[in-house]
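Dear colleague,

Here is the structure you are taking over. My notes on it follow below.

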Amino acid sequence: MVMHTPSQPHSNSSNGYKDTDNGHTVDVRAKQQISSALEELRTELDQADWVETGPLRERIRKLKELLSVLPYQDGGDGLEVEQVQEIASKIRQFSDLDTLLATAVLELQSALQVDRVVVYEFTNPTLGIVVAEAMRDGFTPMLKEKLPAVTFGLGSAKLYQQEKLVAIADTYSASLSPYQKQLVDRFQVRACVSLPILTKDGVWGLLVVQQCTAPRQWQNADIQLLKLIEQELEAQLQVAVIQTTLQQEVEKDQILTGVANKILQSKDLDTIFRVATQEVRQSLKCDRVAIYRFQPDWSGEFVAESAGSEWVSLLEEQRNNPAIVNNVNYCSVRNLADEGGLVGTTGRSHSADSYIQHTQGKNFHRGQVYRVTNDIYSAGFSDCYIKILETYQAKAYIIVAIFQGEKLWGLLAAYQNSQPRQWKDSEVRLMVQVASLSSIAIQQLQYQQQLYKRSEESAKLIERERTVFGIIEKIGQAMDLRTLFRITTQELRRFLKCDRVVIYQIYPDWSGEVIAESVAAGWPSLLEMQEQDSILKTGLISSERCNIKEYGSPVKPDADTYLKETQGGVYTKGTRFRKVNDIYAAGFSPCYLEILEKFQAKAYINVPIFRAGNLWGLLVAYQNSDVRKWTEEEIGALLQIGEPLSIALQQAEYIEQLRLKNLEMTQVAEVENAIARMAERMRHSQHAETIYRTTLAELRQLFKCDRLAIYRFNSDWSGEFIAESVGSDWVPLVGPDIKTVWEDEHLQQTQGGRYRNNETFVVNDIYTVGHAQCHIDILEQFQVKAYTIAIRERLR
């Protein structure tokens with residue numbers, strides 16, 4: 001049966017210092033002082049920054065002194081007041097809550113001669129844990145057991161606050177539910193009394209006395225003793241709780257100091273995240289701590305996590321199931337934004353459209369907790385949000401914002417997965433402080449990275465300048481065009497680490513061609529692609545593919561229509577360069593794309609080369625393997641090289657002109673000397689054939705041609721070859737058994753034509769000079785591609 005004790009009448013003495021409670025009197029002034037001291041202590045604890053704890057500890061000491069003098073007086077019902085005071089005195093000796101409760105249950109068990117006394121602490125409105133137990137041997141212990149409140153009589157803390165007392169004389173005959181019977185039988189309970197232990201916030205727990213060997217009719221004296229000890233426990237509990245809270249806050253402050261040092265000394269984001277999540281989870285003893293980071297478009301992902309081994313990793317889960325990130329962004333963050341706030345901070349107005357994507361994070365304030373949820377199933381969440389939380393295995397959580405300046409950077413979240421959890425204000429504060437520390441550390445790291453980046457950029461700039469100046473110095477030292485072009489293309493391609501660098505020359509008629517190239521292995525040469533009629537020469541230079549056209553070749557390609565129409569295009573109008581990161585995104589015409597595809601080019605930079613104020617050509621760097629985002633430094637390097645290249649080009653051309661002029665003068669002198677020697681030999685020799693053979697061999701070597709021959713006219717302008725010097729690769733025209741006939745009637749018909757007037761005739765290409773086909777046929781018979789004819793004496 002369940003027995004409720006009747007309420008007792010209260011009477012106040014006329015002096016106002018005594019208050020009668022169940023036949024006993026206590027000092028009213030002492031109770032008021034205790035109550036006042038507790039309220040002041042709570043207020044100070046709420047406002048304390050945990051730096052200076054001396055005044056708080058002094059208040060606790062004075063409060064314990066007040067409790068130690070609180071009197072108990074006999075109301076005449078036979079209760080041994082000395083026994084109560086003795087128990088109270090022993091309880092008051094201890095400030096540690098666990099020791100205090102263990103002493104209380106042990107003394108009560110001895111005083112009441114019962115089988116078991118326990119103190120039960122509520123962890124939520126219907127569940128709790130046995131935190132202290134004194135028990136005779138032979139029974140199933142309850143200590144540390146997590147049990148429903150109904151085990152001790154009523155189903156919730158609220159019912160205990162209303163009923164004040166539950167007494168059961170015999171569990172076998174009492175009206176218990178099957179579930180209750182199962183619970184009491186588990187612990188061999190035959191009779192019990194349960195009283196609520198009250199604090200300012202409501203029912204903290206229960207003081208429970210149990211008889212296991214047999215039923216027991218609980219006496220009034222038993223009840224009164226329990227009530228007085230329960231009152232003592234309530235007072236001591238409040239002091240102990242406050243002192244424990246103070247000690248915990250001091251410890252948390254020490255922990256936070258350690259965490260702060262670790263976070264602020266971290267050299268990278270991964271370390272910051274790892275320290276923050278690991279230290280918070282260890283301090284809160286929760287199942288998971290994670291950091292979620294927002295991207296500029298307000299999407300986001302989990303970037304760090306510390307979780308127990310028995311729980312699914314959110315980092316792995318979001319990789320396997322990208323929808324989680326989207327759902328967090330749309331559903332859960334919206335819920336986070338709509339409700340919740342840190343105790344002691346300014347709250348936010350609720351808005352249906354306040355989720356992150358629409359507000360750009362502007363509705364959230366620094367240090368504000370987006371959500372503190374003790375039980376996800378009783379928080380009124382939407383179905384979509386519940387589904388996401390179940391994916392996380394979460395049953396309770398705290399989520400705090402991480403800011404960078406005024407911008408929301410991300411979230412720090414602590415999850416309890418095993419069961420709902422009543423989060424404490426101190427735990428929320430710890431989360432806020434760690435989030436703030438993380439924010440500072442991230443900002444500090446970003447600043448350091450900016451400094452490092454600037455330092456690195458400066459170092460790269462210095463290195464680039466050094467490299468570019470080295471290339472410019474080499475260009476300035478080049479004494480001929482071939483060396484100049486080779487150095488420029490080869491060194492620039494090395495510096496840019498690109499696939500190809502070319503020099504493209506533009507001729508006065510706006511035709512043009514590639515005249516030098518350095519190309520990486522695996523790519524065909526543009527010089528070879530444009531090569532025609534063996535005009536271009538190719539070679540390997542310094543183990544690189546570096547091809548250079550014979551500068552000044554007389555053959556020019558067709559004019560570029562665009563360059564001709566625009567007289568040099570944008571480069572003659574002040575444009576310093578043309579940068580293309582992706583040819584397919586540049587809006588080029590199909591025909592131009594087709595040309596670039598033949599070059600295998602996907603990105604390029606053009607820099608003009610000027611000579612004497614006129615557009616001479618282009619210096620071009622190509623990327624063939626992929627598109628490329630050309631940097632300002634790379635463009636700057638090309639521009640820096642372009643100007644000295646123009647100067648060096650003029651210098652090399654001038655030197656080349658001097659060289660060619662000197663060579664020409666040398667060759668003229670050599671020819672004149674050879675002719676003089678031949679004339680001298682002819683005057684002193686009687687064998688003309690020998691003179692011709694010797695002189696022609698000497699001249700052919702000097703001219704570096706394939707054949708040099710003497711053709712003698714007859715009086716009718718017919719004639720024959722009388723002497724020659726010819727290379728071994730060609731058919732001879734003169735010999736003991738060879739008689740070569742020139743079957744050309746033109747000279748006979750014109751009586752020697754231009755040769756009658758001692759004219760010289762030069763033909764660089766028999767196919768472009770305008771010869772008749774019959775004349776070409778004769779020349780092809782003699783294997784001739786180009787020739788020069790000179791008359792030394794007019795024949796009559």
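Is Arg 288 buried or exposed? Arg 288 counts as buried because its relative accessibility is 0%; buried means under 20% relative accessible area, exposed over 50% and partly exposed in between, with a 1.4 Å probe and protein chains only. Before the rest, some conventions: this is a predicted model, in which local features need pLDDT of at least 70 and side-chain atom pairs count only at pLDDT 80 or more, while totals for chains, interfaces and linings use all residues. Residues are numbered from 1 along each chain as its sequence is written, and side-chain values use heavy atoms, with hydrogens and water left out.

Arg 288 lies in strand S10 (residues 288-294). Helices (H or I, at least four residues) and strands (E, at least two) are DSSP runs, numbered from the N terminus. The side chain of Arg 288 makes a polar contact of 3.3 Å with the side chain of Gln 393. A polar contact is a pair of N or O atoms within 3.5 Å; within protein, one must be able to donate a hydrogen and the other to accept it, and residues adjacent in sequence count only if both atoms are side-chain atoms.

The chain has 21 helices and 27 strands. Of its 796 residues, 45% are buried.

The largest nonpolar core has 33 residues, of which Leu 484, Phe 485, Ile 503, Leu 619 and Leu 638 touch the most other members. Such a core is a set of buried Ala, Val, Leu, Ile, Met, Phe, Trp, Tyr and Cys residues joined through side-chain atoms within 4.5 Å. Elements giving two or more residues to this core include helix H13 (425-477), strand S15 (500-506) and helix H18 (632-684). H18 gives the most, with 9 residues. Leaving aside residues up to four places away in sequence, Leu 484 touches Ile 475, Ala 478, Leu 645, Ala 648, Leu 649 and Ala 652, where contact means heavy atoms within 4.5 Å. Another core, of 32 residues, lies apart from it, with Ala 104, Ala 132, Trp 204 and Leu 226 among its members.

His 771 sits in the loop between strand S26 (761-763) and helix H21 (773-781). His 771 counts as buried because its relative accessibility is 17%. A polar contact of 2.7 Å joins its side chain to that of Tyr 787. Not counting residues up to four places away in sequence, His 771 touches Phe 761, Val 763, Ile 766, Ile 776, Leu 779 and Tyr 787.

Regards
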